[in-house]
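Work through the exercises below with the structure open. Each task is followed by a solution in steps.

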Protein chains: 2
Amino acid sequence: MAYDPRDHQSLTFFDAPPRFAAGADTPRDYLERCLAVIQSREPAVKAWVTLNVEGARSAADASTRRYSEGKPLSRIDGMPIGIKDLIYTKDMPTEMGSPLYKGNHTNQDSASIRALREAGAVVLGKTVTTELGMSHPGPTTNPFDSSRTPGGSSSGSAAAVGAGMVPVCIGTQVVGSIIRPASFCANYALKPTYGAINRGERQGFSQSQFGVHAGSLEDLWSVAAEMAARAGGDPGSPGLYGPSQLEPACQPSRLIVMEGEGWPLVDDRARKAFETFTDQLEEMGVRILRRRDSPLIEAFERAISQASALSRDISAFEMRWSLENLVERHPGEISESLMGRLELARKMTLDEYRSFLTARESMQRSHMALGGMADALISLSSLGPAPLMGDIAGSDPGIPHATGNPIMNTPSSALWAPTITLPMLAVAGMPVGVQLIGQQHQDARVARLARWLRDQARPVLVS
Amino acid sequence: MAYDPRDHQSLTFFDAPPRFAAGADTPRDYLERCLAVIQSREPAVKAWVTLNVEGARSAADASTRRYSEGKPLSRIDGMPIGIKDLIYTKDMPTEMGSPLYKGNHTNQDSASIRALREAGAVVLGKTVTTELGMSHPGPTTNPFDSSRTPGGSSSGSAAAVGAGMVPVCIGTQVVGSIIRPASFCANYALKPTYGAINRGERQGFSQSQFGVHAGSLEDLWSVAAEMAARAGGDPGSPGLYGPSQLEPACQPSRLIVMEGEGWPLVDDRARKAFETFTDQLEEMGVRILRRRDSPLIEAFERAISQASALSRDISAFEMRWSLENLVERHPGEISESLMGRLELARKMTLDEYRSFLTARESMQRSHMALGGMADALISLSSLGPAPLMGDIAGSDPGIPHATGNPIMNTPSSALWAPTITLPMLAVAGMPVGVQLIGQQHQDARVARLARWLRDQARPVLVS
């Protein structure tokens, strides 16, 4: 089933509550339709690790009763949601894509997952992640071509949304684990400002975050906002700002094309599609700024030119201690790519790590310096469409990377900057996303710009 | 055994390695002497939850071999250390002062504990904490008067060091959980700059930190530095700066007396002892600045006048989600004081929390404005000597607090400022600490000032 953005219908939830209120539909029926899609598509897509069907039905029935009493808890009451299997859930194990965590029952909800339940959402299951959220892939396939990767590490979350199994899944990103798979699977997705959505127990990285994969911008925003309104952000962070309903569209006046170090590696057809898309925006009155247009932009591009190595090294140092525990308990049972990261970390000194943090801060300052120049950065969300399963081209030395290259995503991760990807492009029958990147804490503003692009711009197809 | 700082001998380790190298002593013998003190004092003091005697003996023997080969791993190779029972250890359960975590085996070392082992330290056991590190007390008694509290939440760590059972224990502090018990138990203790010592999995609070209780400044500093040199600070933090050996003493030129909101509540005898101490410093050429001496100091005092309520509320909001999980699984099994904190959190909104964060930032700015005015702040480390067990005077409304009032500690916690307490005072035969508080990341500088006070100033006794 080749992807054509002109007729692709993703699953939405925001239009359902009026039907629930009118008695024309119920959260239970909505859930059953999701389960039917899962039954039909899951054998090929393999997006789920665990499904809690009975728990979900019971939660959906409770939601149905609330709607019949005219008392839904929030805009997302009754919404079936999948949770990336790195995140703690009280009713399902958290296996983290590793046989070493098989049957790992934490018996608790991560703060944001508890917040989802308090908002009435229906936690349906856990979605496949790569091994510990790193490079080694799980079994999930791309919903638009089962010979291709769904991306990672939020593989199952991106694929479940792409296949229309659920309207929303929760993902996580340290480097490129939300935006890249969302690009490959035709999702809308939000990687928020660093700290803006409460990571609960998963605070091990200084640039990791929870985010949202969705079939629509409306649902994406409401889920992010409902989580943050309850559980806030990380300890010490002000949390995501904005109301629970997606705000009105806002036309960008100026957008800066971010190339990043990935630009020379971009697939030619994807580049053509992106340039056709930005040409279209210029015709609509949006000024498109490029690195040759300003020394500030050129300085920013130079500042982010080491973002991938920096992200890899910072993350390796930060995960060393938990990996050492694991390797000691289970020698020989860690993947080659994860051992590669551990070896990298073992060679690093604290002063090297400190110098990487300083370089990251410089990068962030270069980005802030662009704040007054344009509404946002715009770029491709991935180098091109999803590569074939098992293709490790573009991997780091010693760290095989089989879910696509995250190089287009490392800048916004290191910048701690809010990023939304939109499924606006198709290349040879596969989806490719366009990403908007804003200044820290401007997540709601990025969502308004994204809404304008979605409503006003035409998708671009390149065969 | 009344406390007299003039003849109190605390247990030191820094002087042992030369004896180990000369063959006049061994880490195993050092450990056996610690075990003998534990055997004699533990029935009354009750500092330990778990002792891993065989594991410690085996680690001490390995250390003994390294010294005999002339290859110790660090300055703390062979040092027996106790770990507060909130922190993960691979070889002992982590019970967190709560029956709900009885037998909770995490099977992993927290990053800093693993770093201790890599430095050759001998992890001897887990020390008593209050319930989840909050207010509800454990069984530990004060080593200088068993009718009195050791303070909390690092109750067992402070008491074990105070009783000379071990030269060093690791503690944690969110509000006043290291410095206050150290004051009550005649410890030297360091609460470092926020983030400077890697908290591993315990990153749930935006002002919690790991710290060190010790019988000497030398051991205090080496343990902190050896942990940080390996595991660094929290993800994204540069970690503790400084060499592994305590640097030379540095005479303060100017010190600012910090009163804080606790000043009117200070025990009269403790106030007299503190003023005698600062008078002595003035005679030695240290200029002592007070709030009437500068509008900047007065502004700072006004800024920190809400530190206790702010710390309580920020922490309550941040712990709400993990508490909700616990209460749901174990209804009715949480202490009154912890339920009081949960009720407080449930009433708070995200915008209230954000406003508290903003107020805390203002407080920090007021402190930074004093950076050029003096070498450090100086104050009492507690309102006075340890209160009687069960005395809940000074508790927050609805939150009984039976390990002493942390009000002298809330400012430096909220300021994220490095703090060292020294056992320089005695009031009616019980220890009381004097604390020095520096600017963020100036931990090593505070240690040098503390060393000068210890070496040059005389302890003060008030009966």
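**Exercise 1. Aromatic pairs**

Task: Are A:F20 and A:Y30 buried or exposed, and what kind of aromatic pair do they form?

Solution. Both A:F20 and A:Y30 are buried, where buried means under 20% relative accessible area, exposed over 50%, and partly exposed in between (1.4 Å probe, protein chains only). The model is predicted: local features need pLDDT of at least 70 and side-chain atom pairs pLDDT 80 or more, while totals for chains, interfaces and linings use all residues, and side-chain values use heavy atoms, without hydrogens and water. Residues are numbered from 1 along each chain as its sequence is written, with chains lettered from A and ligands numbered from 1 in the order in which they are written.

Next, the rings. Rings of Phe, Tyr and Trp (its six-membered ring) pair if their centres lie within 6.5 Å; planes under 30 degrees apart count as stacked, over 60 as edge-to-face and the rest as tilted. A search of the whole structure gives 16 aromatic pairs over all chains. One of them, A:F20 with A:Y30, is edge-to-face, at 6.5 Å centre to centre and 85° between the planes. A:F20 belongs to helix α1 (residues 17-22) of chain A and A:Y30 to helix α2 (residues 27-45) of chain A, so the pair ties together parts 10 residues apart in sequence. Helices (H or I, at least four residues) and strands (E, at least two) are DSSP runs, numbered from the N terminus. Ring pairs also link A:F13, A:F20, A:Y30 and A:Y67 into a cluster.

**Exercise 2. A second ring pair**

Task: State how far apart in sequence the parts tied together by A:Y194 and A:W416 are.

Solution. The ring centres of A:Y194 and A:W416 are 4.5 Å apart and the planes are at 25°, so the pair is stacked. A:Y194 lies in the loop between β5 (188-191) and β6 (209-214) of chain A, and A:W416 in the loop between α13 (410-414) and β10 (419-427) of chain A, so the parts tied together are 222 residues apart in sequence. A:Y194 is buried at 18% relative accessible area, whereas A:W416 counts as partly exposed at 22%.

**Exercise 3. Backbone exceptions**

Task: Find where A:M96 and A:L132 lie, and the cis peptide bond that ends at A:S153.

Solution. Most residues other than glycine have a negative phi, and most peptide bonds are trans. A:M96 has a positive phi of about 55° and lies in the loop between β2 (80-84) and α4 (111-118) of chain A. A:M96 is buried, at 8% relative accessibility. A:L132 has a positive phi near 50°, lies in the loop between β3 and α5 of chain A and is buried at 13%. The bond from A:G152 to A:S153 is cis, with omega near 5°; A:S153 is in the loop between β3 (122-127) and α5 (155-162) of chain A. In chain B, the bond from B:G152 to B:S153 is cis too, with omega near 5°.

**Exercise 4. The two copies**

Task: Which rotation superposes chain B on chain A?

Solution. Copies are superposed by least squares on the C-alpha atoms of residues with pLDDT (the predictor's confidence in each residue, from 0 to 100) of at least 70 in both. A rotation of 180° with 0.0 Å of shift along its axis superposes chain B on chain A, with RMSD 0.0 Å. The two copies are therefore related as by a two-fold rotation axis.
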